[in-house]
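User: I would like to learn how to read charged side-chain pairs and chain contacts in a model. Could you take me through them step by step?

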Amino acid sequence: MDNKELYQQIDEIINAQSSEKPIVAILQDIQEVYRYLPREAFDYLSEKLGVSLAKIYSIATFYENFSLSPKGKYVIKICDGTACHVRKSIPILDALRKELGLSGEKNTTDDLMYTVETVSCLGACGLAPVLTVNDKVYPAMTPEKAIELLGELK
Amino acid sequence: MNTMNNKKFMMIDGLPVAIEGEKNILDVIRKAGIDLPTLCYYSALSTYGACRMCVVEGKHGEIMASCSTPPRSGMEIKTNTPRLQKYRKMVLELMLADHCRDCTTCDKNFDCKLQELAQRFGLKKVRFEPYSIWDKTDNSSLAIFRDPNKCIICGDCVRMCSEIQNVGAIDFAHRGSKMEVTTAFNMPIAETNCVNCGQCAAICPTGAITVKNDLGPLWEDLHDPNVRVVAQIAPAVRVALGDEFDIPRGTNVMGKMVTALRRMGFDEVYDTATGADLTVIEEAREFIDRLENGGKLPLFTSCCPAWFRYAEINHPELYDNISSCKSPIEMLGSVIKERAKQQETGKKPKKTKVVAIAPCTAKKFEIKRDEMQYEGEPTVAHTITTIELANMIREAGLRFEDILPEAVDMPYGIASGAGIIFGVTGGVTEAVIRYVLGSSARDHIADISFTGVRGFDGLKEVKIPYKEQELSIAIVSGLKNAENLIQAIQSGEAHYDFVEVMACEGGCIAGAGQPFVLGRAKPERADGMYEADRLSNVKLSAENPVADALYTGLLAGDKAHHLLHYK
């Protein structure tokens, strides 16, 4: 990655924030652009914000939502909250993993196209089982419909 | 009842106890003579409330952490109910369930708060299996050793590192049962911004962070007939070593220590305070030179290796402000090595190895620095801490309390009082002031001690007359205090000519290699230092006859700069 471009991007993100420079919000904005938090961003942020590298790492690893490794172009989040779980969300997860050659440890395809992960609740229990692709909601899914959806994304 | 003599009271175990501005119930309880256990509470650090050992029970059966509950007038609490006993035991059991329990081989054996509490609460059985992945230990640092298997996530080290030292090399990572204290990206600690001050190890209640043990190679050298082992004892060690042998706090045990070192096989024993006299002379000369010739000011002291490292990492722009002087240990080390070279006789002369006995963990790093070499090898071969020395004495079976004191060796056996007080915050400054004021200082020793150089404030400011002008001096200890001062100087808010920085709050007497002192023992140790100064017949570094002889002999010509400065 071109660090110069990254630094410029981070500068813009920091400047857009209030003077208090909330670290979580800044990390969210960086993740929004790069779909993950690049290693180089930490060193630059540490210097820019005067916060230790270990503290930023601490915050980034505390929240499940932050990723330290690159994510796919399409981030598929399968809801595994109680409602979705009892309406069989796990078979959907298994089907997607099998189709994309992913597992619990490996959740992003090598071509950086897809990331498959679970979330605890999307707050759309009435639509269970539900999944989102890059924050777009797909209700009442089945394993078959999920595979079909993959085809549409391509 | 609750407002006797207009005072505020609370009831602790049925007895009234006055509330006198304590910020939490814990302090009130301790004032009442109850040693409530804690693993994560230190008044000098922010309150974290994580260990839950300090829980107390309220009137209505509510359980609260006393460290994070402010006292209120009329409050009624109990500190030792069946529920609390059960609760504390359970907390300990859960902590121990996920803790490496190889106590006998642990560096903290008998000095571990977790072990102590497990004993105290009679914990005999741990019912749970450990569940976390046993992380690798981190042996990368020259000063400290990390063993995450022994971490109880109390965060004392994290708060020490960021709040007091402004370093933040370690922090919590991850969450819940996966939470650990580690560096950013799990880097080896030696590759981070760690300055080796060791305060994390000093405050760690368990063996998760310990001071690096360097006794193995030292014993080897002591037992090698071809090696001449020369010890030098740093000032602050003499007033702290006694703590390890139940000798009253602050007692100067220099003489006993000298005897013990000889008995363990050290060939010669010197006082680092003699090296400190050289440092005072060199640093004061450098200071005067900068004052007279318009050099870069303020002049920052360079003798604290943790501060030096901190400046190197965080303030490279201060490079020219920092004194070019080596530390007292390195100065005396260079002199000892140079003399040994000059005196070498025979075909196979004994190899001279210098051993520094120091209150400091950062010295373990300093002696390996490129600038601190003598003819291609470290000037000082080993640095061991006060606690390591105590362990050596125990290992050798010497009964320290019965040892008769002896004097240090000549020719470097004389140190001025100015050199000795190096071990306490403000000491370097006081010594330099004595030098700058010259012979007139002799009559004003007491006056100088009242200018504000003494005491334990994080920032002390002193003004002294020098020729037509008034010199402004700042003394800081604790790197957070140092950082605040640097910010004030760089923003133009403050102006100083001379700045003394010690990384550990209180100076070397509170170094991480000393028996642990946070919040206690500092005044006693400082008194011990000042008493040694009062008892010394030489008060000024410049009047030390050893220094005099060195400058006309071994250090003559450009040798002084070559041997005593790192740049």
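Analyst: Let us begin with accessibility in this predicted model: Arg83(B) has a relative accessibility of 44% and therefore counts as partly exposed, since that class lies between 20% and 50%.

User: How many salt bridges does the structure hold over all chains, and which residue does Glu406(B) pair with?

Analyst: Over all chains there are 38 salt bridges. Glu406(B) pairs with Arg262(B), with the closest N and O atoms 2.6 Å apart. Glu406(B), at 38% relative accessibility, is partly exposed, and Arg262(B), at 26%, is partly exposed.

User: What does accessibility say about Glu430(B) and Arg454(B)?

Analyst: Glu430(B) is buried, at 0% relative accessibility, whereas Arg454(B) is partly exposed, at 26%. Their side chains form a salt bridge with an N to O distance of 2.7 Å, linking helix α14 of chain B to the loop between α15 and β17 of chain B, 24 residues apart. Salt bridges can also share partners, as they do in one network that joins Arg309(B), Glu312(B), Arg369(B) and Glu371(B).

User: How many residues does each chain bring to the contact between chain B and chain A, and how much area is buried there?

Analyst: Chain B brings 15 residues and chain A brings 12 residues, and together they bury about 1100 Å², of which 63% is on carbon and sulfur atoms. Asp171(B), Arg175(B) and Phe185(B) supply 52% of the area that chain B buries against chain A, more than any other three residues.

User: Which residues form the salt bridge between the chains, and which element gives the most to the side of chain B that touches chain A?

Analyst: The count between chain B and chain A is 1 salt bridge, and Asp171(B) forms a salt bridge with Lys55(A), the closest N and O atoms being 3.3 Å apart. Across this interface, 5 residue pairs are in polar contact. On the side of chain B that touches chain A, β7(B) gives the most, with 4 residues, and by class that side has 8 nonpolar, 5 polar and 2 charged residues.

Definitions and conventions: Residues numbered from 1 in each chain as written. Chains lettered and ligands numbered in written order. Predicted model: local features only at pLDDT ≥ 70, side-chain atom pairs only at ≥ 80, totals over all residues. Heavy atoms only, no water. Contact = heavy atoms within 4.5 Å. Buried area = accessible area lost by both parts, 1.4 Å probe. Salt bridge = Lys/Arg side-chain N within 4 Å of Asp/Glu carboxyl O. Polar contact = N/O pair within 3.5 Å; in protein donor to acceptor, adjacent residues only side chain to side chain. Helix = DSSP H or I, 4+ residues; strand = E, 2+ residues; numbered from the N terminus. Nonpolar A, V, L, I, M, F, W, Y, C, P; charged D, E, K, R; others polar. Buried < 20%, exposed > 50% of the residue type's maximum accessible area, 1.4 Å probe, protein only.
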